[in-house]
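Subject: Structure handover

Dear colleague,

Please find the structure below, with its sequence. My notes on what was found in it follow directly after.

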Amino acid sequence: MDGRDKKLNAAQSGRATDGDTHSRTVLAVALAPQALDLLPRNVLEPHSYIARVSYEELDSISFSGPQAPALVLSPLLTPVFDAIDLARYLSQRGYNGRYLALVDRLPSAKLIRREVEAQSPDLNFDVVVLDGSSPLHSL
């Protein structure tokens, strides 16, 4: 567990030092550290706390109420789960924040967006293509 993970635990247990840590918590699920460097510059808020967790650790995270992360990031596809699995999980846990699935290259993200929206209509979901072609890169 690194310092950012400790900040997440403190925020979730109500011991946050600045009173607003949880509102800027970014949960990076099974995400390689270098993927964060490829995100469009406007995705992460200044002073965000990035907590890296595995898919198996998700049951220990609160996804509703004031302790919920502001943003969840994950790869689009892993050997353990894909974005549809995680979107369904987040919806079932009552998550109302933003979820972004990251992928190196993708010809068209529309199909994935439609599928996730069909499975989890209340989730604020999008796909970020890390090659710079994502609409978020142009903001």
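Ser60 counts as exposed, because its relative accessibility is 58% and the cut-off for exposed is over 50%. The model is a predicted one. Ser60 sits in the loop between E2 and E3, and its side chain reaches the backbone oxygen of Glu57 at 2.7 Å.

Arg24, in the loop between helix H1 (3-12) and E1, counts as buried because its relative accessibility is 18%. The side chain of Arg24 reaches the backbone oxygen of His47 at 3.3 Å. Asp126 belongs to strand E5 and, at 17% relative accessibility, counts as buried. A polar contact of 2.4 Å joins the side chain of Asp126 to the side chain of Arg113. With neighbours within four places in sequence left aside, the residues in contact with Asp126 are Tyr99, Leu100, Ala101 and Arg113.

Overall layout

The chain contains four helices and five strands. Along the sequence they follow the pattern α-β-α-β-β-α-β-α-β. Of the 139 residues in the chain, 45% are buried. Taking contacts between residues at least 6 apart in sequence, 74% join residues at least 24 apart.

The strands

E1 is mostly covered, with five of its five residues buried. This holds for both faces: Thr25, Leu27 and Val29 are buried on one side, and Val26 and Ala28 on the other. E1 runs parallel to E2, joined to it by five bridges, and Val26 stands opposite Ile50 in E2. E1 also runs parallel to E3, here with three bridges; Ala28 stands opposite Leu73 in E3.

E4 and E5 pair in the parallel sense over six bridges, with Leu102 opposite Val128 in E5. Together with H4, these two strands make a right-handed β-α-β unit. Five of the six residues of E5 are buried, so E5 is largely enclosed by the rest of the structure.

In soluble globular proteins, nonpolar side chains tend to be buried together. The largest nonpolar core here has 26 residues, and those with the most contacts inside it are Leu27, Phe63, Val72, Leu86, Leu90 and Tyr99. At least two residues of this core come from each of strand E1 (25-29), strand E2 (49-53), helix H3 (83-92), strand E4 (98-103), helix H4 (110-119) and strand E5 (124-129). H3 gives the largest share, five residues.

Which residues does Val72 touch, leaving aside its neighbours within four places in sequence? Val72 is in contact with Leu27, Val29, Phe63, Leu86, Leu90, Tyr95, Arg98, Tyr99 and Leu100.

There is also a second, separate core of 14 residues, which includes Val26, Leu36, Leu39 and Val128.

The aromatic pairs

Five aromatic pairs are found in a search of the whole structure. One of them, between Phe63 and Tyr95, is edge-to-face, at 5.9 Å centre to centre and 85 degrees between the planes. This pair links distant parts of the chain: Phe63 is in the loop between E2 and strand E3 (71-75), and Tyr95 is in the loop between H3 and E4, 32 residues apart. Both Phe63 and Tyr95 are buried.

Another pair is tilted, because the rings of Tyr99 and Phe125 have their centres 5.3 Å apart and their planes at 55 degrees. Tyr99 lies in strand E4 and Phe125 in strand E5, so this pair ties together parts that are 26 residues apart in sequence. Both Tyr99 and Phe125 are buried.

Ring pairs also link Tyr55, Phe63, Phe81, Tyr89 and Tyr95 into a cluster.

Regards

Definitions and conventions
Residues numbered from 1 in each chain as written. Predicted model: local features only at pLDDT ≥ 70, side-chain atom pairs only at ≥ 80, totals over all residues. Heavy atoms only, no water. Core = buried A, V, L, I, M, F, W, Y, C linked by side-chain atoms within 4.5 Å. Buried < 20%, exposed > 50% of the residue type's maximum accessible area, 1.4 Å probe, protein only. Contact = heavy atoms within 4.5 Å. Pairing = 2+ DSSP bridges. Right-handed = clockwise from strand over helix to strand, strands pointing away. Phe/Tyr/Trp six-rings, centres within 6.5 Å; stacked < 30°, edge-to-face > 60°. Polar contact = N/O pair within 3.5 Å; in protein donor to acceptor, adjacent residues only side chain to side chain.
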